[in-house]
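User: I would like to learn how to read some features of a protein model. Please give the general idea each time, then the case at hand.

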Amino acid sequence: KVTQLQSADVKGREYARLLQDVSALVLAEATLDLALGPTEVPTEEHGERRTRPGRRVVERVAVIPVLRGGLGMAAAAADLMPEAQVWHLGIYRDKTSTLPVEYYNKLPKAVQADVALVLDPMPISGTTAAAAVDIVKAWGAAGGKALRVKLVSLVASEQAVALMRELHPGVPFHVGAVDDDPAHPRMPGLGDVSDRMFNTA
């Protein structure tokens with residue numbers, strides 16, 4: 001699936017669907033440790049209504065895509081966790097200073113989540129992803145919450161992985177593939193996720 005994302009022939013809606021497919025795979029791994037509790041499921045058996053025991057996620061999940069590329073991942077998260085909250089962060093990397101700049105933040109004042117999944121599809125330097133995690137951690141701390149934060153990406157450079165380990169060693173980083181082969185790099189062929197998804201390249 002990640003290899004298919006590199007194809008120059010995949011664009012627009014087809015690219016967005018493929019992006020969601022890869023996102024669903026990585027998100028499934030990222031949510032494996034969510035706390036579960038008992039529930040009852042209504043069933044119909046032999047023409048009769050019954051209830052059967054089941055399991056449900058009891059932790060409140062906040063999905064936080066980093067604009068714009070993270071939006072493609074958010075759709076997969078909503079499919080996987082329909083009851084999850086979705087909040088948005090806008091961060092760009094200044095071309096002159098190379099520092100991350102926050103330009104949009106819709107995180108609510110009240111923290112009503114136990115787990116936050118930060119979605120950044122393709123961290124290259126890692127500075128934007130690290131800044132997003134900084135913001136989400138500070139949001140949880142300001143709300144007096146012991147918020148569990150995770151970073152979820154489709155492809156990441158070795159530099160981004162190293163930076164996250166250095167700055168946020170306690171934050172799990174779930175990634176579909178690491179671009180770690182100099183002879184056959186993945187990221188140049190992937191291009192800009194948001195431009196390819198929205199046909200703005």
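Analyst: Start with exposure: buried means under 20% relative accessible area, exposed over 50%, and partly exposed in between, using a 1.4 Å probe and protein chains only. His46 has a relative accessible area of 83%, so His46 is exposed. This is a predicted model, in which local features need pLDDT of at least 70 and side-chain atom pairs count only at pLDDT 80 or more, while totals for chains, interfaces and linings use all residues. Residues are numbered from 1 along each chain as its sequence is written, and side-chain values use heavy atoms, with hydrogens and water left out.

User: Where is His46 found, and what is its phi?

Analyst: Helices (H or I, at least four residues) and strands (E, at least two) are DSSP runs, numbered from the N terminus. His46 lies in the loop between β1 (36-45) and β2. Its phi is near 55°, a positive value in a residue other than glycine.

User: Is Thr98 exposed or partly exposed?

Analyst: Thr98 is partly exposed, because its relative accessible area is 35%. Its phi, near 65°, is again a positive value in a residue other than glycine. Thr98 sits in the loop between β5 (89-93) and β6 (100-105).

User: Which residues is Arg49 in contact with, leaving aside its neighbours within four places in sequence?

Analyst: Contact means heavy atoms within 4.5 Å. With those neighbours left aside, Arg49 touches Pro42 and Thr43. Arg49 belongs to strand β2 (residues 48-57) and is exposed, at a relative accessible area of 65%.

User: How are two packed helices described?

Analyst: They are described by the angle between their axes and the distance between the axes. Axes are lines fitted to C-alpha atoms, for helices over the stretch in contact, and angles run from 0 to 180 degrees between N-to-C directions. Here helix α4 (residues 127-142) packs with helix α5 (residues 158-167) at about 30°, their axes 9 Å apart. That makes α4 roughly parallel to α5, as angles under 35 degrees count as roughly parallel, over 145 as roughly antiparallel, 65 to 115 as roughly perpendicular and the rest as oblique.

User: Which residues of α4 and α5 meet?

Analyst: Thr127, Ala129, Ala130 and Val133 in α4 meet Leu163, Met164 and Leu167 in α5.

User: What about the chain overall?

Analyst: The chain has 7 helices and 9 strands. Of its 201 residues, 44% count as buried.
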